[in-house]
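Okay, thanks for having me, everyone. Let me put the model up and we can walk through it together.

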Amino acid sequence: MSQNHKKTFRFHYLIDKEFQLKFLAHYSLLFISGVLVTLGFLYWLNQSKYDGGAVFRLRQDAQTVFWKVENEDADPGEAKEKFVPREIYLPNYDHQLNMYTIQFDAVVTLSVLYLLLITVFSVFKSHKMAGPVFSIKRSLQRMASGEPIETIRIRKGDEFQELVEVLNEVIQKRVADSGKK
């Protein structure tokens with residue numbers, strides 16, 4: 001191998017472009033959908049829970065406050081404004097629940113969910129690759145040990161279809177050559 005070929009080969013990371021780009025697209029779509037679900041969940045959380053009062057509980061004891069209102073029944077010489085007492089329930093800030101805690105818990109929970117989804121997706125995707133690799137390996141081991149050679153069979157939708165086709169051509173030629181002898 002020439003020195004020039006070694007240098008250019010190192011920079012060709014897309015060897016089988018169709019396979020590698022399809023593989024990248026599957027994982028990218030999984031990642032993008034996870035990000036969109038997380039952003040949607042955080043948006044929903046900010047819109048519904050935080051503003052709706054679900055984050056901060058109200059105290060059980062009412063506080064008396066005085067509201068300034070116009071005195072419509074004021075006689076001449078009396079103040080036109082008066083203060084009316086009202087009881088209100090203030091938020092209870094004694095607990096540790098805040099927006100950071102809610103978002104942190106949501107992100108951690110969703111990240112664990114995505115990790116599980118990626119694990120399941122990886123098992124199924126790797127199965128489509130590992131099955132053909134196993135069949136190819138077994139067939140090559142039989143060929144090397146001199147056992148009878150059979151064509152390699154893989155399922156529809158498995159990866160490495162082209163490789164299996166080429167290896168089956170090699171196997172057929174070898175069987176034909178051994179039949180001539």
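So, Glu159: at 7% relative accessibility it counts as buried, where buried means under 20% relative accessible area, exposed means over 50%, and partly exposed is in between, with a 1.4 Å probe and protein chains only. Its salt-bridge partner is Lys125, with the closest N and O atoms 3.3 Å apart. By salt bridge I mean a side-chain nitrogen of Lys or Arg within 4 Å of a carboxyl oxygen of Asp or Glu. This pair links distant parts of the chain, with Glu159 in the loop between α3 and α4 and Lys125 in helix α3, 34 residues apart. Lys125 is buried as well, at 8% relative accessible area.

Quick housekeeping. This is a predicted model, so local features need pLDDT of at least 70 and side-chain atom pairs count only at pLDDT 80 or more, while totals for chains, interfaces and linings use all residues. Numbering runs from 1 along each chain as its sequence is written, and side-chain values use heavy atoms, with hydrogens and water left out.

Now the overall layout. The protein has four helices and two strands, in the order α-α-β-β-α-α along the sequence. Those are DSSP runs numbered from the N terminus: helices are H or I with at least four residues, strands are E with at least two. Of the 181 residues, 15% count as buried.

Back to charges. The whole-structure search turns up seven salt bridges. One of them joins Glu81 and Lys68, at 3.4 Å from N to O. That one connects strand β2 (residues 81-88), where Glu81 sits, to strand β1 (residues 63-70), where Lys68 sits, 13 residues apart. Asp158 also has a bridge, to Arg155, at 3.3 Å. Asp158 is buried at 7%, whereas Arg155 is partly exposed at 43%. And there's a network of salt bridges linking Arg142, Glu147, Glu150 and Arg153.

Staying in that loop between α3 and α4, have a look at Phe160. What is its phi? Positive, about 65°, although Phe160 is not a glycine. As a reminder, most residues other than glycine have a negative phi.

Next, the aromatics. There are two aromatic pairs in the whole structure. Rings of Phe, Tyr and Trp (its six-membered ring) pair if their centres lie within 6.5 Å; planes under 30 degrees apart are stacked, over 60 edge-to-face, and the rest tilted. Phe23 and Tyr27 have ring centres 5.0 Å apart and planes at 55°, so that pair is tilted. They're four residues apart in helix α2, so about one helical turn separates them. Then Tyr27 and Phe121: centres 5.1 Å apart, planes at 85°, so edge-to-face. With Tyr27 in helix α2 and Phe121 in helix α3 (residues 99-145), this pair ties together parts 94 residues apart in sequence. Phe23, Tyr27 and Phe121 form one aromatic cluster.

Last stop, the surface. Phe31, Ile32, Val35, Leu36 and Leu39 make a nonpolar patch with about 510 Å² of accessible area together. Patches take residues with over 30% relative accessible area and no salt bridge, joining like charges within 9 Å and nonpolar side chains (Val, Leu, Ile, Met, Phe, Trp, Tyr) within 5 Å; areas are Shrake-Rupley with a 1.4 Å probe, and for residues only the protein chains shown count as cover. Phe31 lies in helix α2 and is exposed at 58%. That's my tour, so, over to you.
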